[in-house]
2 protein chains.
Amino acid sequence: MEFLLNHSRHHTGWCNRPDLADLDPELIKAVLEEAGKFATGELAALNQSGDREGCHWQDGKVTTPRGWHAAYQQFCEGGWLSLALPERIGGQGLPKLLAMAVNEMWLSANMAFVMFHALSQGGCEILLHAANAAQQARYLPALASGQWSLAMALTEPNAGSDLAPTTTKAFPLGDGLYRIKGQKLFITYGEHDLTENILHLVLARTPDAAPGSRGMSLYIVPKYRIKPDGTLGDENDLRCMSIEHKLGLHGSPTCSISYGDQDNCIGELIGNEGQGLSLMFILMNEARLSTGLQGVATGEMAYQRALSYASERMQGNHWQDNKRRVALIEHPDVARMLLSMRSRVLGLRSLAYLISARIDLANHCTDQNEQHTLLANVALLTPIFKAFATEQGHEMSSTAIQIFGGMGFIEETGVAQLMRDSRVTTIYEGTTGIQAKDLLFRKILSDRGMALRQLLDEVNACADRLLSSTALRFPAQQLMACSEQLQQVIDELLTDENAVQLRCYAGAVPLLDALGYLLTGWQLAELASSLQLAEYETTYQQNIVALAQFYTAHHLVKVPALLQTVATAETGLADYRFNT
Amino acid sequence: MEFLLNHSRHHTGWCNRPDLADLDPELIKAVLEEAGKFATGELAALNQSGDREGCHWQDGKVTTPRGWHAAYQQFCEGGWLSLALPERIGGQGLPKLLAMAVNEMWLSANMAFVMFHALSQGGCEILLHAANAAQQARYLPALASGQWSLAMALTEPNAGSDLAPTTTKAFPLGDGLYRIKGQKLFITYGEHDLTENILHLVLARTPDAAPGSRGMSLYIVPKYRIKPDGTLGDENDLRCMSIEHKLGLHGSPTCSISYGDQDNCIGELIGNEGQGLSLMFILMNEARLSTGLQGVATGEMAYQRALSYASERMQGNHWQDNKRRVALIEHPDVARMLLSMRSRVLGLRSLAYLISARIDLANHCTDQNEQHTLLANVALLTPIFKAFATEQGHEMSSTAIQIFGGMGFIEETGVAQLMRDSRVTTIYEGTTGIQAKDLLFRKILSDRGMALRQLLDEVNACADRLLSSTALRFPAQQLMACSEQLQQVIDELLTDENAVQLRCYAGAVPLLDALGYLLTGWQLAELASSLQLAEYETTYQQNIVALAQFYTAHHLVKVPALLQTVATAETGLADYRFNT
């Protein structure tokens, strides 16, 4: 993490900005070390017991697993909750880049526990952006300190990926207050025992609102009403009807909540009527990065667990000496699986840091053109990172089970939990299919491929630099070939957009995968080429180079095949009849 | 299934053999229909409840989930257990080809329940092959009727994938009897309440046996001793110490068993001393096919469940008409996922039938050369089918969850169970890595690629036939290109065997994957080209052609990339140092 953070600081020009530069390597190291201690000592220690115990629902109240409450207190007291929140609301105002690294530790240690965190960050950003001064004063300090928590109430039985059919109603009472009525599903930490109050951000529509997504507004609905002096009043009229029995994330309560059974659920409008969906997307961008990071965290844990087991477990004989009994790790096929994980995790983490460094840069940027370029790049990378990192993370959790062999299927070893917990990451905050559609239609076709071309220029520049290196010529050549082929495929889609609509819709996911593999390989190449910047020991440098080489042979080679699929994605699809 | 069975009968020449030909299409249809009724009505109905309830262990006794016992009685009474066993021991002597189809139904309906079945089949084959006449008379009729069951006790804490370190001891008592002492793990249905006796096949070594795998022998150790008149006597000295808490297959008890705590566990030698491992491989071949079939069954259920949900669940608008709300299935990306599943399941099922038809042919063959060719083909296909079908099946269970979206993460919908249950299939009966090593070293390199060349001749002949068809030229050309590239990669490995040992070990799994994708595509092409043999409706024919086309664009294109990985598989691997 340290190496990657410093790499990102230099690579993106982050460390040349006066307002960011005071976060120097020493401070970074100190924060990482403290976070590492807390993640390992407190959060990871509760991960398996929380999974086994799960959450309890009784009479509308939810109890989190043993240890959750104390850990939450420590988490808030340690200032971890407010790390990246602005200082004026009680946060510490540290940059996204550092927050990204620290957040990965929480997710690795105990994903179910820390699910409230991204919500809290994203929710605060919505309020900072759209709430009026009184609302900000009322809600933000208590959210930043962790005294209250935040929940997003979006999904309904008939409104999931598509929120347009939302039926929950908001009846205006005047003074910005509304009476809320409806039922919502899949609300993460919608009810729990960690905080004294819970603020629900509820998507609803007024009786006379336009149909579809434009008629939706966002309301803040507190579990306990807030008196004018800021203390808590009566319970609001909302009730947790049940919690879900899920494949994983057992320690994170997923709630169904009924608002306004007694017609007495009061909420406050945030921003203006009709702004609901666009406000929600502020949180959604934060949530996509945080969910992509769950993929990185899953991959890292999968690698660490598998590496440790493979190093200890003796089984079979050495491939060159069948008289010598060896640990699993000495079997080339096991080493292959481990490097396959290690290389992807490293490349994806580097991509995560690139995105967050550029968000920091955009936030501190005074040049509008530069800011626009940075934001277009972040907007292009976000759906790729969200979908690809989660797909890869889940796949790696499965590879870890494979390395554990039969023991991986036994719950006590804990790797099965990694697979169970991570399975939803490719679904929530927008499925892989939805990210791919966003990528191709909104981020590539709609700007005629401009942001993508700029990204590929960066890839090619990196490859160019490496062509002269004997060790890195193979990755460099492949990167160039892939990038050229990608440009051709996109140019073809741009030329003949109408004729290949079905191709676009059916090829969006393979295209996202192709970009994911390409960018991960690019990041590994950048890391390999930047090693002289830091004074790392020779073995570490050699390892990064070896990973870039390995990745090229085992993953980057998939890009041309995926692009070929994109170019013929509609084949057979229109002719198939499902009803037979 | 019906279409595929008839296709296989013609394609392999099966229906021209007088001794197999009496299994005509009418009988096949009747058996499939009866089996389908039982699978749907009885076994599938217990699948989810069995998963939820799991097995219970108390004081060394195991109780299976509610309904298991009655279903077991019906399964045996219906003659399903003994379908493919020889008539002389009370079986029905039906061919493997038909058994394969019927077994898939059991696995689809309730994998945890039917786990005893492959053991029973394989165990009977060991006894038929190696047990003496008295042993056959004592054990086989009760096994064939289902009165007794069979369990394989192989794994020990330090002997898993590699059985050589087995420490369980067998002390000779004379008269073919031995005193067994040791502890075994991961014994499927090692203890349960379905049958009046359980015969444990235990791998152990005599005190003076050679070390390693050659010193192992196989013993039959009954739970209850058998009196000379065949009735049951006292309990033998063995005890189920615990059952595992597993990710899936909760309804199938996985037992740890201690043999001979009181030095009074009596077993009988099967075959000769030192033959243990080779006898075990008789069962292992049966088990590999049956496990590969679990992959097909998982894929089929994943497809059926996802198809049904996607057809009903309304979400989002039509891609060409954003005013029309549609079911999930109308989104091209969802259709893509469904066809991706459907095409692989169909091709893999066809491959399963090809293998079993050829086992039937070899069993009924009088020409030694022909038999040798058939068996070499089966031996080559078996590890590919086992590993590739299970990997794909598990992947498809995950795709089904993806199509269900958030609902897929909720246990009530049942698709999560598919993923949990199937996760062990790529591990037990030899991991994917072990199958790949078997494939490359024992089935390809050791016969200098001969059996593979014959297989590729079949692929090329099929492609040749299809080149003139407009609709199938694309699959045909790709099949030919892949087959040629595969031959080149293998030729290179054969030419320079010593120089590329690390490449072989690290490239074995990608090679297996390449073959898996190639052969699945070949089977789809064969199906598409054989449709005129049966009188199927036009839509069905069109669909098979569409699947062959779709598969070419979305899966067959992966073969060249995988082969490129094989050709460079050692890249970076030797240079990486894990201890840093």
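Predicted model: local features only at pLDDT ≥ 70, side-chain atom pairs only at ≥ 80, totals over all residues.
Colleague: How many helices and strands does chain A have?

Modeller: Helices (H or I, at least four residues) and strands (E, at least two) are DSSP runs, numbered from the N terminus. On that count, chain A comes to 18 helices and 14 strands.

Colleague: Why is chain A said to be as compact as a globular protein of that length?

Modeller: The radius of gyration is taken over C-alpha atoms, and the globule rule is 2.2 Å times the number of residues to the power 0.38. For 580 residues that rule gives 25 Å, and chain A is close to it, so it is as compact as a globular protein of that length, with a radius of gyration of 24 Å.

Colleague: What share of the residues of chain A count as buried?

Modeller: Buried means under 20% relative accessible area, exposed over 50%, and partly exposed in between (1.4 Å probe, protein chains only). Of the 580 residues of chain A, the buried share is 63%.

Colleague: And what share of the contacts in chain A with a separation of 6 or more comes from residues 24 or more positions apart?

Modeller: A contact means heavy atoms within 4.5 Å. Among contacts with a separation of 6 or more, residues 24 or more positions apart account for 74%.

Colleague: Now the interface: how many residues of chain B are in contact with chain A, and what area do the two bury?

Modeller: On the chain B side 84 residues are in contact with 83 residues of chain A. Buried area is the accessible area (1.4 Å probe) that two parts lose on being put together, summed over both. Of the area these chains bury, 64% is on carbon and sulfur atoms, and the total is about 7,300 Å².

Colleague: Which residues of chain B lose the most area to chain A?

Modeller: Three residues together make up 11% of what the chain B side buries. They are B:Phe409, B:Tyr576 and B:Phe578.

Colleague: Which helices do the buried residues of H18(B) pack against?

Modeller: Helix H18 of chain B spans residues 558–567, and its buried residues include B:Val559, B:Leu562 and B:Val566. From chain B they pack against H15, H16 and H17, and from chain A against H17 and H18.

Colleague: What about helix H1 of chain B: how many of its residues are buried, and which helices are included in what covers them?

Modeller: H1(B) covers residues 2–11 and is mostly covered, with seven of its 10 residues buried. Among them are B:Phe3, B:Leu4 and B:His7. The cover includes, from chain B, helices H3, H6, H10, H16 and H17.

Colleague: Is B:Ser343 buried or exposed, and which residues is it in contact with?

Modeller: B:Ser343 lies in helix H10 (residues 332–363) of chain B. It counts as buried because its relative accessibility is 0%. Leaving aside neighbours within four places in sequence, B:Ser343 is in contact with B:Thr520, B:Leu524, B:Leu547, B:Phe550, B:Tyr551 and B:His555.

Colleague: Which residues does B:Arg503 touch?

Modeller: B:Arg503 lies in helix H16 of chain B and counts as buried at 13% relative accessibility. Not counting residues up to four places away in sequence, B:Arg503 touches B:Glu492, B:Leu493, B:Val566, B:Ala567, B:Thr568, B:Ala569 and B:Glu570.

Methods. Residues numbered from 1 in each chain as written. Chains lettered and ligands numbered in written order. Heavy atoms only, no water.
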